[in-house]
Amino acid sequence: MTTQQMLSPFRRAITDFNLIEAGDRVAVGLSGGKDSLTLLCLLAAFRRFSPQPFELYAFTVDMGLGLREEEVSALRAWCGELEVPLRIERTDIGQILFEIRREKNPCSLCSKLRRGALNGLARSAGCNKLALGHHRDDFLETFFLSLIYEGRLSSFAPKSFMSRAGITLIRPMLYLEEKNIRAYAAEQQFPLLHNPC
């Protein structure tokens, strides 16, 4: 997959759901995985020709479980090439989950704590939008999980205002399939961060 091929459905989602407007300050939740790195790369490419000028920032939440310094350095250099400032925020999320609360199933709480940290980072930088790397497969999985376990037809929205945070959450990769994201990330040789969890 080329960047041009990836940008076509990406741009269509931005247009269809009015995800980016002139003057937006967009924060990207950069976990260091294929989805978030693809998201940042495509937003940086889209920024060059977007009819609505916007600013772009990247934030990584370090859960305190030990990021590899060589990977962090590679990620910083890559963000520099994209001309996107990167801030890595160290937290005690890992300690809270595994030492203090001793969670048996930590994923749900971890997600909430990381999202809270991301919202705080975005607010502190004056960002009004937070972009996450959810794609079409995530949307469909959420739909079927909701149907099977809750008995209702629902999934996440491509755009939603989080009133408590005062930030609009956007998902520009909604039309992209995971298999294409995986192929693109491998082709681009993104500087992936090892997940220490």
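A residue counts as partly exposed when its relative accessible area falls between the buried range, under 20%, and the exposed range, over 50%. The legends below describe close-up views of a predicted model.

**View 1. The salt bridge between Glu 177 and Arg 136.** The side chains of Glu 177 and Arg 136 form a salt bridge with an N to O distance of 3.3 Å. Glu 177 is found in the loop between S6 and helix H7 (178–188), while Arg 136 belongs to helix H6 (residues 136–150), so the pair ties together parts that lie 41 residues apart in sequence. With a relative accessible area of 25%, Glu 177 is partly exposed. Arg 136 also counts as partly exposed, at 36% relative accessibility.

View 2. Glu 178 and Arg 182 form a salt bridge in which the closest N and O atoms are 3.6 Å apart. Both residues lie in helix H7, where four residues, about one turn of the helix, separate Arg 182 from Glu 178. Arg 182 is partly exposed, its relative accessible area being 45%. A network of salt bridges links Glu 178 and Arg 182 with Lys 34 and Asp 35.

**View 3. The salt bridge between Glu 21 and Lys 129.** The structure holds 11 salt bridges. One of them joins the side chains of Glu 21 and Lys 129, at 3.2 Å from N to O. Glu 21 is partly exposed, with a relative accessible area of 35%, whereas Lys 129 is buried, with a value of 3%.

**View 4. The six-stranded sheet.** An open sheet of six strands runs in the order S3-S2-S1-S4-S6-S5, with mixed pairing. Strand S3 (86–90) and strand S5 (159–162) are the edge strands, each of which pairs on one side only. On average, neighbouring strands of this sheet are turned by 30° against each other, direction ignored. Helix H3 (residues 69–82) packs on the sheet and touches strand S2 (55–62) and S3; the direction of the helix makes about 150° with that of S3.

**View 5. The pairing of S5 with S6.** Strands of a sheet pair through backbone hydrogen bonds, in either a parallel or an antiparallel manner. S5 and strand S6 (residues 167–170) pair in the antiparallel sense, over four bridges. The bridge partner of Met 162 in S6 is Ile 167.

**View 6. Ser 50 in its loop.** Ser 50 lies in the loop between helix H2 (34–49) and S2. This serine counts as buried, at 12% relative accessibility. The side chain of Ser 50 reaches the backbone oxygen of Gln 52 at a distance of 2.8 Å.

View 7. A disulfide requires two cysteine sulfur atoms within 2.5 Å. For Cys 127, the closest cysteine sulfur is that of Cys 79, and because the distance is 14 Å, the two are too far apart for a bond. Cys 127 is buried, with a relative accessible area of 6%. Cys 110 likewise counts as buried, at 8% relative accessibility.

Methods. Residues are numbered from 1 along each chain as its sequence is written. This is a predicted model: local features need pLDDT of at least 70, side-chain atom pairs count only at pLDDT 80 or more; totals for chains, interfaces and linings use all residues. Side-chain values use heavy atoms; hydrogens and water are left out. Two strands pair if DSSP finds at least two bridges between them. Helices (H or I, at least four residues) and strands (E, at least two) are DSSP runs, numbered from the N terminus. Axes are lines fitted to C-alpha atoms, for helices over the stretch in contact, and angles run from 0 to 180 degrees between N-to-C directions. Contact means heavy atoms within 4.5 Å. Buried means under 20% relative accessible area, exposed over 50%, partly exposed in between (1.4 Å probe, protein chains only). A polar contact is a pair of N or O atoms within 3.5 Å; within protein, one must be able to donate a hydrogen and the other to accept it, and residues adjacent in sequence count only if both atoms are side-chain atoms. A salt bridge is a side-chain nitrogen of Lys or Arg within 4 Å of a carboxyl oxygen of Asp or Glu.
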